[in-house]
Amino acid sequence: MNGYRGTLVDFTGNPRTEAGALRHVEDGLLLVDEGRVSYAGPFREMPDIEIKDYSRRLLMPGFVDAHVHSAQTDVIGSHGDNLLDWLDRHTFPAEARFADADYAQQASEYFVDELLSHGTTTAAVFPSVHPESVHAFFRASEKRGVRMVAGKVMMDRNCPGTVRDETESSYRDSQALIRRWHGHARLSYAVTPRFAPTSTDRQLELAGRLAQENPGVLLQTHLSENEEEVRWVAELFPWAHNYLEVYERFGMIRKGALFAHCLHLNGAEWEKLAAAGAAAVHCPSSNLFLGSGLFDFATARRVGAIVALGSDVGGGTSFSMLRTMHEAHKVAQMRRLPFDALDGFYLATLGGARALGMDDRIGSFEPGREADFVVLRTDATPLLARRMLSAETLSQRLFLLMTLGDERAIEATYVMGTKSVPEVSS
């Protein structure tokens, strides 16, 4: 058993809708036994246990990035006029390189290390259409012991041949990958059609079948990210009254489904998502970078939709969930809606875990949860240190971390109670 002393912060529920959802122990103790939380509460002396002293640091559950692309690290910061232009000019050529097994492995190793160095211990990941890209990502994740979700991207039209798969073989490849990786170690599979415009009706039908035939797998795709994309979907699927109806026809609107972006949904689409228990993943960094639109927090909250946060690297410009929370705050401000630090840290921890259906395993310090946690420095930069001098409450400290923090604030990342990222020297 190992112990860690510091300020403990986690959530038992959504602080915007559930009273008393924030848990805060200023001088706290986290005990980890065989990779799981055995105690989280006020500090007490434990003579027989080695305790790592993180006094004046915050200990929080590891961050959950609910939408990110492992095949797009090398296009972060690439200019595009809009989403579709950016995909054609940068993304598809970058993803084509993942046909090379050696490159896919090297890039995946780097990607998982970047997540960990930014405090992210769980992510829902899009590799590429190439099965080797999925093997590479899962091998890198297994080596580091992290809990991850990923699946082979499915695209059988409207994309270059270098990143296009064949309809029936895509189904067979996905089935083989599910058998190999789903439930292995701490890994889960997600059926992953990229988005409706790059899949035929038949491929979408097979994607829905994969989800139905394999209980427990997740499903992830993009939805209503860009107005030009929405118009394109209307042209390609003239029978559909709206974008969501395309996925609905093929059985994809379900619990355990993650829909990235959701920027241009109407009220009926939002209500259908919420009723099904599917999750909307807000990706503010990429939405602002590509000029795609502003997330509709008001409607999402009104209908009670499950919402999580995604960095959406490489359209997003940082792996940092702190930076992602900051961008979400800006979007809410533009919408004239409240979004405080508790909103941000909830969405990046327990909220993300709930979206993935993993809140019984990660996302909080409940006893028995897997001990993935991050140690945050509130004095990571001279500016943060200076501003913290005037912070009087926990909410103020968290808000400063959310708006001024980045990967420099991550002192250490622990996976199942084992330190994964070297500590920053004090």
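Ala 185 counts as exposed because its relative accessibility is 51%. Here exposed means over 50% relative accessible area, buried means under 20%, and partly exposed lies in between, with a 1.4 Å probe and protein chains only. Ala 185 sits in the loop between H4 and strand E9 (187-193). Its phi is positive, about 50 degrees, although the residue is not a glycine. Most residues other than glycine have a negative phi, and most peptide bonds are trans.

This is a predicted model, in which local features need pLDDT of at least 70, side-chain atom pairs count only at pLDDT 80 or more, and totals for chains, interfaces and linings use all residues. Residues are numbered from 1 along each chain as its sequence is written, and side-chain values use heavy atoms, with hydrogens and water left out. Helices (H or I, at least four residues) and strands (E, at least two) are DSSP runs, numbered from the N terminus.

Asn 158 also has a positive phi, near 55 degrees, and is a residue other than glycine. Its loop runs between strand E8 (153-154) and H4. Asn 158 counts as partly exposed because its relative accessibility is 36%.

Helix H4 (residues 167-181) pairs with helix H3 (residues 131-144). Their axes come within 11 Å and cross at roughly 15 degrees. Such axes are lines fitted to C-alpha atoms, for helices over the stretch in contact, and angles run from 0 to 180 degrees between N-to-C directions. H3 and H4 are therefore roughly parallel to each other. Angles under 35 degrees count as roughly parallel, over 145 as roughly antiparallel, 65 to 115 as roughly perpendicular and the rest as oblique. The H3 and H4 crossing is right-handed; the near helix is then turned clockwise from the far one by less than a right angle. From H3, Pro 131, Val 134, His 135, Phe 138, Arg 139 and Glu 142 meet Asp 173, Leu 177, Arg 180 and Trp 181 of H4. Contact means heavy atoms within 4.5 Å. This H3 and H4 contact has five nonpolar, one polar and four charged residues. Ala, Val, Leu, Ile, Met, Phe, Trp, Tyr, Cys and Pro count as nonpolar, Asp, Glu, Lys and Arg as charged, and the others, Gly among them, as polar.

Further along, a cis peptide bond joins Val 313 and Gly 314, with omega about 5 degrees. Gly 314 is in the loop between strand E13 (306-309) and H11.

Helix H11 (residues 321-334) and helix H12 (residues 341-355) have axes that come within 9 Å and cross at roughly 130 degrees. H11 and H12 are therefore oblique to each other. Met 321, Leu 322 and Met 325 of H11 make the contact with Gly 344, Phe 345 and Ala 348 of H12. Five of these residues are nonpolar, one is polar and none is charged.

Ala 391 lies in the loop between helix H13 (382-388) and helix H14 (394-404). Ala 391 counts as buried because its relative accessibility is 18%.
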